[in-house]
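Let's take a friendly walk through a protein model, from the whole chain down to single residues. Keep the sequence and the 3D view side by side as you read.

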Amino acid sequence: MAENLSSIHKPPTNEEIQGLKETADLYKSNLFKLQIDELLSEVSIDFSKTTSLENILHKLKEIFDNINDIPDLSIAEVKSMLLKKHGITIPFPDPQPSDNVKYKFGFKKPTAFYLVGSYPLKSIVRSRNGFNVDVVVIMPKSIFQEKDYMNYRYFYKRAYYLAVLSATLQDNNLALNVSVEFGALFGDRRRPIILLKPLENNSGVDFVIRILPCIPMDIFPPQRLSPSRNNIRPQHLQDLGHIPQQQSMGSLPPTPQYNSAILKDMYCISHLNLLYKNSKDCPAFNDACKLAKVWLHQRGISSDEDGWSGFNGFVWMMLMCYLLHNGDVNGGKKLANGYSSYQLVKGTMDFLANHDFIQNPVFMNELEGSEEFSKKSFTENFDVVFVDNSGKLNLLSGMTKIALEQIQHEARIAMEYFNENQADRFEALFLQQVNDIKLRYDNVAKQKLDYHDPFIHFARTIPIQLKQGLTNRVNLITINYAQLPTWSISSVPPSYSSSDLKLYIGLIFNPEQSNRLIDHGPSPENETAASQFRNFWGKKAEVRRFKDGSILECVVWDVKGIEERCLIVSRIVKYLLHLHYGINESKGIQYFTGQLNEIVIPSLNIPKSIYNKNGIANGFRDVTQAFDKLVKQFMALENIPLRFSGIRAASSTLRYTSIFIPQPLVLTTKKISHYVDPIEIIIQFEHSARWPDDLVTIQKMKIAFYIRLVSQLELQFPGTRATVVTDNVDTIISEAYMDILADSGFVFRCRIYNEREMTLLDRGIEDKMSSQLKKTTYTKALEREKRMFVEIPMHTLQIQTLCNKWPSLSLTIRLTKRWFSAHLLSDHVDEEWIECLSSQVYLEPSPWNRPGNGFVGFLRVLKLITSWNWNNEAMIVDLSEENRSTLKNIKNKVDDIKIRFKNLRSSDGGCKYGLMFIGTTSGSVWGIEKPSKVVANRIKDLAGSALLYANELIENGKNPEFKRLFITPLSDYDVIIHLDPYQCTRYYQNIFVDTQYLSHKKKCDTIDEDNDIVMRDVITHDRVENEGKMVAMIGFDPVECYLALFFHDKHGGTVIGVVWVPINFTPKPWKASVEINSILVSKIESLKNQKGSHDGQNIILNAEAVALEMERLGEGLVIGVEIKK
């Protein structure tokens, strides 16, 4: 036994030490290497299971080797032959060839058959849809003529060749057992391909074989296909009705995209050879390619849904080849063959993120002295340039500057993760799906184009117009659209319009500029610039004089309220699309950003006496100013025994996170029955040794202070009213407080904080003479004191700071609170817990940018809930945003939270407490007592369903109803208690409010107001001029007084959901000590066959009687009880 222990604990060998050192040098950390190894094992394919694939490839080569030649035929003959004999429509690109073309179409068997791409290099990765195996067939020279590179002749002959191959494969389908379809390679209709999908596949490896017709490198003179050459002559297009006859030959523009499409078919084998050589020279090359493909796929780049980027795994591999030989700022190699896969990916990512492709185009081989393929020739004809090893083909010919900006944006985020030492970002880099459009961008516009296939034109020009109009309001403008779908070999090739593809415009905001009200233009004296400005902005352009004396052209965006200000970017986008493209919301554009704003604003039909919508224009500024004024009044009070040491906010209203922007109370009526939310503040006096050592006496002293403060406030500041509320019970912790109705109309609820109370509570807990009951009572009291007087004020300050830093956080929190409340979870989660949860998507936004508006922030909170493994992980929130230089201090706090969570889980095996545990680096912990396990699971399920519905609305919804996200299903509740809206003081906050219930005329006709539970008279006293006026009961909600731990929307809800504890319906013997209203099982018809029901003494909960008792207790408030189960 001793020998075994010594072998376990023996020191590491020299080889092990060397291995650890190499891991530290070649990877970010040992953990990062283990994660990479695990990921690579998951995404790599098992080549031992590709037998069926290999068999199909061998049969495929045999079929192509034995294919028969077809003599030259006219276009009419080839169309007729393939359609009538094989039912195949030739996938000619647009524009379709004329029926009277003079040249013939021939077919001869391929001269060569190659496996290309990632499969032969063994750098393939698996995805949900399997993987692609690319097969190149080389078309013989003899079927082409010298000038077939002109006027689409090459592409027409290529399409015919592909159709003949598909006919042959269709005839041999019994041998291959595959389906045959056409597709467009990377969405390019000029380059159709064949896709073979196995009909039966028992290998466990999903794959698609893609057949790509290509040509030898020497078939056409390369200089004829240079970027500056034109190869589409007008006579050809005149015959098809596309170009006016008067256009002269000299004015023909170059056709760089057309030329590049031919060159790509010429150099594919050359690229394969280059990649194969580098993969042999660099051992980690293939693994690095796999990691890069995973990174690209998670971001929607190089996938079937990517029709916009012009970037893919092949381009990444070629870029890595370039960096293995070039790319360093000093002229050397940026990468080395001895690098690990991690170093190769990081180095390539760094180059991709930071290299200026526009000013410094990349050449793997620059042809010196060649004017046709000079740097100038490439840069004048392409947005982005990365020239291959031949020096003639731009690998990024299809990439726009907008697409480059998005890819570099993602690469820069990745580099931040690579360089971060504090946290492990492996999951954000490689495991999390970033390509979720509703979460990825701050604003999203969806465009369905109803024109004759101008799709690509719109995709390339719209971002340019928007960039000019939005200027520095946004950091990124993107265009997203999917590739053309595959199609049957018997069908006509699809177009973008016929395929019902959507164009998505994504915007990522610059939070410092996105909400500004004015766009400044040039001076009117600069006539040329001013004219361009007016032409661009149309009727919105105007001339104004500014405070500094300057007179400028400008555009002004008028708004009402903070919510409207957040919509300025959307207004600009919709205005420019309508002005320059004639596109408006009635023609298919849908803009997703402000649909949820109405959720946090009471209905427009509510009387102004209850909620004045005009007051929301200033946001939370009015209430903040009222609080500041009250603080000054407190500090100026005279005849107070002790001076104030501090007055702190402790309310969601003062941290800008209350669902509704507070409105001042207007005392112009004698009947104010709606709910008035008091604003909690904490008062602390300067230190004094004269406070008593008895907790009960301290509470009485506090009440005395409240009374003195009331009298002095009303005396020294006329217009201010105050009252003291006590519980008239001698307790160690009193519920007494002081309500102040300030002259601003806002109601503040003040509580006095005395540090001595905590000291005395600590002593009582530590006193060995204290009974267990006393210790328990003191412990609960101490927790309450800390929460109320220390943690909540600190939390308020931190959230307030974050909302000032990131203005959209306020709306995110308010929407999230509304969502929890609407799903009847008001009493099952603390609002501070919701605020921490919502703040996390701003503090830790990976794998995306920080949200720029409340809409996307709210959706990200839902995403966070669904992805949070709360059973095994504590959520750690750094609300204080402590200085990142003090990493050791932060790490200690994080470790303390993890230890506390681990201890909680160890001591609570049934997970009854701290289910959704949130700890902050400031020491506070939220989510200990609630939610329960049942509620936690429901929260996660509701969030998942909400995300699915939001996704459906954005992708498919013609008239999106986002309000439905806030409608909760009631089918899961056992009992529904229906409340009388007349008696619900918060009913005006209901999402679907019916304003007829906001009037008390009906009630007043039939009910004595003195007995009405809502109409409460609080006669203001001590002030003669206010005598007889009635004020609403501050903070009075009769539903809260009625509620137990049920499910209810406290913000205007009119139903209460009840769920029975299942164990109460398990039959058990009757006892005299039974504490529930019970009934004999034998008396319930539906349970007579249940196990245990034959024992005449077995009982269960009498659900009907309990429900009726609930109705009786709620008399005057409850209008009915519905027993569902």
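## Helices, strands and the overall build

The protein contains 34 helices and 32 strands. Here helices (H or I, at least four residues) and strands (E, at least two) are DSSP runs, numbered from the N terminus. This is a predicted model, in which local features need pLDDT of at least 70, side-chain atom pairs count only at pLDDT 80 or more, and totals for chains, interfaces and linings use all residues. Residues are numbered from 1 along each chain as its sequence is written, and side-chain values use heavy atoms, leaving out hydrogens and water.

How many of the residues are buried? Of 1125 residues, 53% are buried; that term means under 20% relative accessible area, with exposed over 50% and partly exposed in between (1.4 Å probe, protein chains only). The accessible surface is about 52500 Å², and carbon and sulfur atoms supply 50% of it; such areas come from the Shrake-Rupley method with a 1.4 Å probe, and for residues only the protein chains shown count as cover.

Now for contacts, meaning heavy atoms within 4.5 Å. Among those in the protein with a separation of 6 or more, 72% link residues 24 or more positions apart.

## How confident is the model?

The pLDDT is the predictor's confidence in each residue, from 0 to 100. Its average over the protein is 86, and 89% of the residues score at least 70. Over residues 1001-1030, however, the pLDDT is below 50, and this stretch has 49 contacts in the model beyond near neighbours in sequence.

Look next at strand E16, residues 551-556. Five of its six residues are buried, so E16 is largely enclosed by the rest of the structure.

Two strands pair if DSSP finds at least two bridges between them. Strand E14 (residues 518-520) runs antiparallel to E16, joined by three bridges, and Ile518 has Val556 in E16 as its bridge partner. Strand E15 (residues 541-545) is also antiparallel to E16, with five bridges, and Arg544 stands opposite Leu552. E15 and E16 form a hairpin with five residues between them, where Gly549 in the turn has a positive phi of about 95°.

## A pair of cysteines

How many disulfides does the structure hold? The count is zero, where a disulfide is a pair of cysteine sulfur atoms within 2.5 Å. For Cys214, the nearest cysteine sulfur is that of Cys268, 3.3 Å away. Cys214 counts as buried at 2% relative accessibility, and Cys268 counts as buried at 16%.
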